[in-house]
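Here is a friendly tour to read with the model open beside you. Take the topics in any order you like.

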Amino acid sequence: MRAAQDSVQTISLKPLTWIILGAAWFLCGSGPPAHAQDDGRAVPRRDYFLALSLYQDGEFASALNAFRQAGGGGIRSTEGRWVDSICYHAMLGECHYQLGQPAAALENFNAALQLLVAHRDWLLRVQFPAGIDAQVRPAQPPINWGQPTRRTVVGRFPDKLISRQGSLNPDQPILPNGVVAPPELVPVYVGEVVRCAALAMRRRLEILGPCAPYEPLTQYLVAALARRPAPPNHWSQAWVGVLLGLAYVSDGKSVQGIAELRQSLVMLGQYDHALTGIALLELGKLAVRQGRLDVAETFFQEATFAAAAFEQWEVMEEAFRGASTVHRLRNPGQVLVALAPAAEWSRRNSRYLEASLLVALAEQFTSQRETAAAGRVLAQAQRLIARSEMNRSLLGARLQHQAALVAYQTGNAPAGDAAVASALALQQPASLRLFQIDLADKLFLAGGITPRIADQLYAEVLREPTADDWTYEPLETLAVLSTPHPLPLEHWFEVALARRDLDLALEVADRCRRHRFHVTLPLGGRLLALRWLLEAPDEALDEPARLRRRDLLVRYPAYAEVSRQARAARVELAALPADGGLAPPAGEDEAAARRQTELYAQLAQLSAAQELLLREMALQREPAPMLFPPLRSIRELRPVLPAGHRVLAFFATSRGLHAFTFAREDEGYEHWEIEDPGKLRADMAQLLRQWGLYEANTPIGLKELSDDRWRVTARSLMGQLASPGQASLWQGTEELILVPDSFLWYLPLAALPWGPDDQPLLARMRVRTVPTVSLALPDGRRQAPLAATAVVTGRLFPRADDTYASQVLDDLRGVLPGVFALPERLPAPSSLVAAGGSRLVVLQSHDDLDRGPYLWSPLPLDRGKPGSTLADWNGLPWGAPDQVILPGYTTAAENSLKQGGLGDEVFLSVCGLLASGSRTLLLSRWRVGGQSWRDLLREYAQELPHVSAAAAWQRSVLLGMQNELDAAREPRLKPFTAETSPRASHPFFWAGYLLVDTAGAPAAAQAAAP
């Protein structure tokens, strides 16, 4: 056990450490309380208080080593370690806690509390004085940040009391080793022991969070303390009451806990004591949870006074932080005036307290955008922390958080990004929420909780960020969003399945998909959420999101003004005499061309300014829903799913592959598990090889086209994918909405046979794909008439004919209005140009896909230049072509998965394109080109204004399958001499295209709707 090692291990401190210890003792006066006479026998011993002085100055790593060594001198007997070790364990845990090591901290806090349970009656053995009186020794220096409102006085207690260790019972049986523990009178710093017990209990509650009631030690603590093990009707019962109140709160019994804490605030009806500040602090936290912010602020403020009286700097530090946060919420625009004088007061007592108060004051200033004042205060804190071990503690993370805000507010984005990275590097390993996720998972896997309790715990620890999460713990929430934790989500999914809650299982699967996407984005998707909230069309937001948008625009008028200017620039760009604002104006209109260049430059500057303000907003205590991809409950989705539409969703876990299908509420709903995912993948690779997919550009010959053995493999694949009793469920299905996962992104399910005549599934129903179940339904955006189609001409294959792209362009012009070719030199970065488009067709190969899911260029004309990647498309200005067609996109399917492939790169690219504002995508799993692609594209494009994308694609494929193939016009077809030309019905020519559509009805259908 780490805790045992911490307490018994003897470490030879370096001479420098002893120098630090001595200096701290001399400067801070720490050690046994000044008015206590230490004869060397009192416990905890003098070296413990030396270590405590290091801790109070923020030298947490040095204090950790010193507490370990001091713990080696703790009292031991045949009964084990005694109550003085509660102090050693608690302070070891506190040092680990401050250093961002929650597992080691919990181990030591548990060890301290196990000793409390083992020696539950220790207070009954203490020789207490008959009474107590008021403290005559005022705080030094005098308190300068306010006056307490509670009508109490600070009690004066003996620092050191005599306690009996061992037994005076002559009839005590001899222990197995033949030794009887002799009675011994030991001087004990009783107040320090109870303080450390309370510290261990409240920190343990903080670390365990919602898992606390399910840890056995919690029940033992409640049982031990409910006996009120202290002299009856004695003032020491107040100490027991505070500990019992904390135990009740740990057990989920907040009402009883609050009652105990309130009743135990004073001794003998008037005296504050060593645990008063702790009780007030915890009452403040509980009031926050209840939403009683006025009460919480009062509790926090009072806790600072009580803690100062007993020199409990860590309680003061936490109480001031709580008061600062609540004050900001209750009084927007006002700085908590107590912070500055309190920071000056703390200068003579604790560097750690002073630095923390300065960081809290800096946050007050950054929240009001008083950047200069924040910078000055932060510089003071930095001077205290820079050469201290606080630099790599939780306080260091808070300081970096505020440093990032100051940098963003002064326009220094690189410095801000670096500070954010530093803050998260400290916060992620220290994250209590991430620790609770792991702990809840371990409790379930170990069988320590029932599936019902596991479901409740998973729902709590794996929750979507709430308004309270952003309000009270923004950095912690960013750390959780930015850290992958797929296995606990998988286990929650398995719990839902075990409880036969299919709706919940599907919702959790969607949460897993969203998490896979968000965790790959900057700040875990926080910036994307803010972009959607502030810049997406109003109809894409629900009413709460629209209200939140209005609130943020009022709170950030600078952003609102820059956003207004950016919209005005885009409106003027769209009105220029050019093709939809995408292409440069006609050469003879030089004035319009100059104006377009000016507007794009202006838009780039405005968008950069918006992004900088968004980064600042992302770090502030500003709630913002994660809007994309949306998260809908299945109970919400099913009733509004159109008649004849059916969802087929797959979900891959580390232990299996699951499938779900459902339609409207009155239709079928089923779940099944794929029997052998390994065989499914192998058969899929075999099918791709049978179709002739060996390498990226390898041509296919008549031999492959005439070989029907692929049909046997395809039937086997469909049999593995489909549920045995599922055929009746699919009756009446007109449109299949496919949600692939893992390697199934490479499988053209629409080409597999369905029914007795081996017709492909696409011949029987429309098929479209979405990356999450919630995207099966469109958002509220109506489809505007597509005014323009921008075409990027080029080569899909290295040796393709230069005239091919021109022929495709002519085809499109024959069926659509407003078709134009983009110039090779764009007037601005493609992320700006594309934001104003309607439809984009890219007739070039995407040779940069290996750079990563967001580092390739959807519009390759400016590939490799700033503003060209998919990551840039996700930035501002918000928006992208509504329809994107990329026949040069490729996946691992092009070589039959020979080089592996998990499907993540397709999933992330699809999510990235949709997140930028697109709603309909047509991508290729492997490149085909040629006349067959021309025919498919022409028929698909001409129907898009009139029917859904799924219907247009189905019609296009069914027509294209009837066309004869001409080897001279198909770059992937080997020349042949047969008298009869084969038709394009072979899946090689049409099955590789992946249609992703979340748009719903087209504009024409919407206009015709009542």
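Is helix H6 mostly covered or mostly uncovered, and how many of its 17 residues are buried? Helix H6 is mostly covered, with 13 of its 17 residues buried. Please keep in mind that this is a predicted model.

**The chain as a whole**

- The protein chain holds 40 helices and 20 strands.
- Its C-alpha trace spans about 115 × 70 × 60 Å along the principal axes.
- Of the 1010 residues in the protein chain, 60% are buried.
- Taking contacts between residues at least 6 apart in sequence, 75% join residues at least 24 apart.

**Helix H6**

- Helix H6 covers residues 102-118, and its 17 residues should span 24 Å at 1.5 Å a residue.

**Helices H34 and H38**

- Helix H34 (residues 803-815) and helix H38 (residues 930-943) have axes that come within 9 Å and cross at roughly 25 degrees.
- An angle under 35 degrees counts as roughly parallel, and H34 and H38 are therefore roughly parallel to each other.
- The crossing of these two helices, H34 and H38, is right-handed.
- On the H34 side, the contact is made by Tyr804, Gln807, Val808, Asp811, Leu812 and Val815.
- H38 contributes Gly930, Trp933, Arg934, Leu937, Arg938, Ala941 and Gln942 to that contact.

**Helices H14 and H15**

- The axes of helix H14 (residues 339-346) and helix H15 (residues 351-367) come within 8 Å, crossing at roughly 160 degrees.
- Angles over 145 degrees count as roughly antiparallel, so H14 and H15 are roughly antiparallel to each other.
- H14 and H15 pass each other in a left-handed crossing.
- From H14, the contact draws on Leu339, Ala340, Ala342, Ala343, Trp345 and Ser346.
- Its partners in H15 are Leu353, Glu354, Leu357, Leu358, Ala360, Leu361 and Gln364.
- The contact of H14 with H15 has ten nonpolar residues, two polar and one charged.

**Tryptophan 691**

- You will find tryptophan 691 in the loop between helix H30 (677-690) and helix H31 (702-706).
- Its relative accessible area is 0%, and buried means under 20%, so tryptophan 691 is buried.
- Leaving aside neighbours within four places in sequence, tryptophan 691 is in contact with Ile700, Trp710, Pro748, Ala751, Trp926, His986, Pro987, Phe988 and Ala991.
- Tryptophan 691 and arginine 289 are 402 residues apart in sequence, and their C-alpha atoms are 61 Å apart in space.

**Two strand residues**

- Glutamate 673 belongs to strand S12 (residues 669-673), and it counts as partly exposed at 44% relative accessibility.
- Not counting residues up to four places away in sequence, glutamate 673 touches Arg655, Gly656, Leu657 and His658.
- Alanine 787 is 114 residues from glutamate 673 along the chain, with 46 Å separating their C-alpha atoms.
- Threonine 769 sits in strand S14 (residues 766-769), where it counts as buried at 5% relative accessibility.
- With residues up to four places away in sequence set aside, threonine 769 touches Leu738, Pro740, Trp745, Leu994, Leu995, Val996 and Asp997.

**Backbone details to look at**

- Most residues other than glycine have a negative phi, and most peptide bonds are trans.
- Valine 43 and proline 44 are joined by a cis peptide bond, with omega about -5 degrees.
- Proline 44 is in the loop between helix H2 (15-28) and helix H3 (46-56).
- A cis peptide bond also runs from leucine 876 to proline 877, with omega near 5 degrees.
- The loop between helix H36 (870-873) and strand S18 (883-886) is where proline 877 lies.
- Arginine 369 is not a glycine, but its phi is positive, near 60 degrees.
- This arginine 369 is in the loop between H15 and helix H16 (371-385), and it is partly exposed, with a relative accessible area of 38%.
- Leucine 897, another residue that is not a glycine, has a positive phi of about 65 degrees.
- Leucine 897 lies in the loop between S18 and helix H37 (904-915), and counts as buried at 8% relative accessibility.

How values were computed
Residues are numbered from 1 along each chain as its sequence is written. This is a predicted model: local features need pLDDT of at least 70, side-chain atom pairs count only at pLDDT 80 or more; totals for chains, interfaces and linings use all residues. Side-chain values use heavy atoms; hydrogens and water are left out. Axes are lines fitted to C-alpha atoms, for helices over the stretch in contact, and angles run from 0 to 180 degrees between N-to-C directions. Helices (H or I, at least four residues) and strands (E, at least two) are DSSP runs, numbered from the N terminus. Angles under 35 degrees count as roughly parallel, over 145 as roughly antiparallel, 65 to 115 as roughly perpendicular and the rest as oblique. A crossing is left-handed if the near helix is turned anticlockwise from the far one by less than a right angle, and right-handed if clockwise. Contact means heavy atoms within 4.5 Å. The expected span of a helix is 1.5 Å times one less than its number of residues. Buried means under 20% relative accessible area, exposed over 50%, partly exposed in between (1.4 Å probe, protein chains only). Ala, Val, Leu, Ile, Met, Phe, Trp, Tyr, Cys and Pro count as nonpolar, Asp, Glu, Lys and Arg as charged, and the others, Gly among them, as polar.
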